[in-house]
Amino acid sequence: MSEYVSTTNDSKLSVSGPLAKALADFNRGAALLEQYDYIEAARAFESALEAAPDWTTARFNLGLAYFNMQEKPGAQSYIELAQKAFEDILESDPNHLQARFCLGLYYQHLGENEKALECFRKVYEADSKDPYVLYKYAEVLINIGSTEEGTAMLENVIALDPGFISAVYRLATQYQRMQKRDQAKALFARFQQLKETELTGGSFTVLKGYGTVGKYYMALGADNLPLLPAATVPQKRILFSPELKSLSDATSAWNFSGGNIELPGIAAGDIDEDGDLDLCTTAFGDDGSVQLWRNDGAGRFSRDATLAQHGISPCFGDVDNDGDLDLWLGRAGPDIYFENDGKANFGSEPNEAIAGGQSITHFALVVCNA
């Protein structure tokens with residue numbers, strides 16, 4: 001494929017010819033997967049592979065598209081094509097974890113639990129901190145009768161992610177079967193809390209649909225091409241727990257000349273770059289005061305500063321592209337932009353041209369250039 005790659009004066013690599021079309025087909029297929037249009041996604045990846053038949057990543061994404069056609073006419077043939085795609089990848093790269101994980105899902109779909117167990121075990125040995133890997137491993141262990149080991153694996157899932165609703169329910173059921181009634185009761189109560197506040201569909205049952213079984217069941221990016229890799233920054237996984245914590249100050253409804261505001265606005269972001277999420281919250285007092293709250297790293301928040309009044313919709317974003325989070329505050333009245341000095345000190349920057357007049361900002365969104 002390198003014959004279609006050229007070097008420009010600024011030392012960046014450009015793509016042309018058949019490789020450019022393959023890359024375009026690949027990107028189109030990945031976008032179609034995100035839209036759950038599996039048939040068109042498969043066609044796009046098939047086209048990419050015609051130009052680049054050794055492109056492992058495109059083959060994996062094609063297998064993923066095939067595997068998600070379980071409700072389409074001809075589903076059995078698509079599932080078999082998915083199996084072949086994953087097995088072809090593993091034949092040349094036995095350490096391809098995504099293909100190994102998806103092959104485990106394939107065997108689990110067929111009820112071949114021993115084969116599924118072997119696949120999930122190999123992924124677990126390489127990555128014992130991914131809760132979805134542990135959950136699928138636990139499912140198969142329980143299905144083959146290794147209930148103690150499977151139960152212990154579910155306990156590990158919840159230790160990693162206390163809000164993993166499927167694992168909470170499955171573990172509660174296991175405790176109930178093991179006559180551990182108090183432990184089961186506590187987990188069923190947590191399940192109800194999580195269920196009431198669950199925002200993302202499909203996570204309760206960890207469905208087979210694209211994107212619902214963690215990172216190993218997601219499309220891969222356009223790697224394995226002769227292009228300069230983009231710089232990446234490791235992302236921390238954000239964990240949520242059903243246990244509630246209260247701020248020392250309570251929010252309240254407040255009035256202004258145009259009506260009543262009965263709900264607080266909130267934005268979360270690492271404003272001081274210490275690795276944890278801080279808060280900006282509105283609706284304190286009878287004038288809708290806006291407060292910053294610092295996180296001590298253990299989930300305890302202390303009030304830091306009061307920035308303005310009549311706040312409705314705060315939003316963090318790096319507006320000036322200097323690497324720290326600034327604040328745009330939507331208000332009852334003109335909006336306010338607060339610039340972060342890099343140390344979580346926010347100075348207001350009035351700008352009548354963009355702040356608006358005496359109106360209400362219901363929703364604020366900061367969009368920054370990459």
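This is a predicted model: local features need pLDDT of at least 70, side-chain atom pairs count only at pLDDT 80 or more; totals for chains, interfaces and linings use all residues.
Me: How do I read the way two helices pack, and what is the crossing angle of H7 and H8?

Reply: Start with the angle between their axes: over 145 degrees counts as roughly antiparallel. Here helix H7 (residues 131-143) and helix H8 (residues 147-160) have axes that come within 8 Å and cross at roughly 160°, so H7 and H8 are roughly antiparallel to each other. The crossing of H7 past H8 is left-handed.

Me: Which residues of H7 and H8 meet?

Reply: On the H7 side, look for Pro131, Leu134, Tyr135, Tyr137, Ala138, Leu141 and Ile142. Their partners in H8 are Thr147, Glu149, Gly150, Met153, Leu154, Asn156, Val157 and Leu160. Sorted by class, this contact has eleven nonpolar, three polar and one charged residues.

Me: Is Gln174 buried or exposed?

Reply: Buried means under 20% relative accessible area. Gln174 has 3%, so Gln174 is buried. You will find Gln174 in helix H9 (residues 165-177). Leaving aside residues up to four places away in sequence, Gln174 touches Ile142, Thr147, Thr151 and Leu154.

Me: And the nonpolar cores: how many residues has the largest?

Reply: The largest nonpolar core has 67 residues, and Trp55, Phe60, Phe101 and Tyr217 have the most contacts inside it. H7 gives the most to this core, with nine residues. Another core, of 14 residues, lies apart from the largest one, and includes Ala267, Leu292, Leu329 and Ala344.

Conventions: Residues are numbered from 1 along each chain as its sequence is written. Side-chain values use heavy atoms; hydrogens and water are left out. Axes are lines fitted to C-alpha atoms, for helices over the stretch in contact, and angles run from 0 to 180 degrees between N-to-C directions. Helices (H or I, at least four residues) and strands (E, at least two) are DSSP runs, numbered from the N terminus. Angles under 35 degrees count as roughly parallel, over 145 as roughly antiparallel, 65 to 115 as roughly perpendicular and the rest as oblique. A crossing is left-handed if the near helix is turned anticlockwise from the far one by less than a right angle, and right-handed if clockwise. Contact means heavy atoms within 4.5 Å. Ala, Val, Leu, Ile, Met, Phe, Trp, Tyr, Cys and Pro count as nonpolar, Asp, Glu, Lys and Arg as charged, and the others, Gly among them, as polar. Buried means under 20% relative accessible area, exposed over 50%, partly exposed in between (1.4 Å probe, protein chains only). A nonpolar core is a set of buried Ala, Val, Leu, Ile, Met, Phe, Trp, Tyr and Cys residues joined through side-chain atoms within 4.5 Å.
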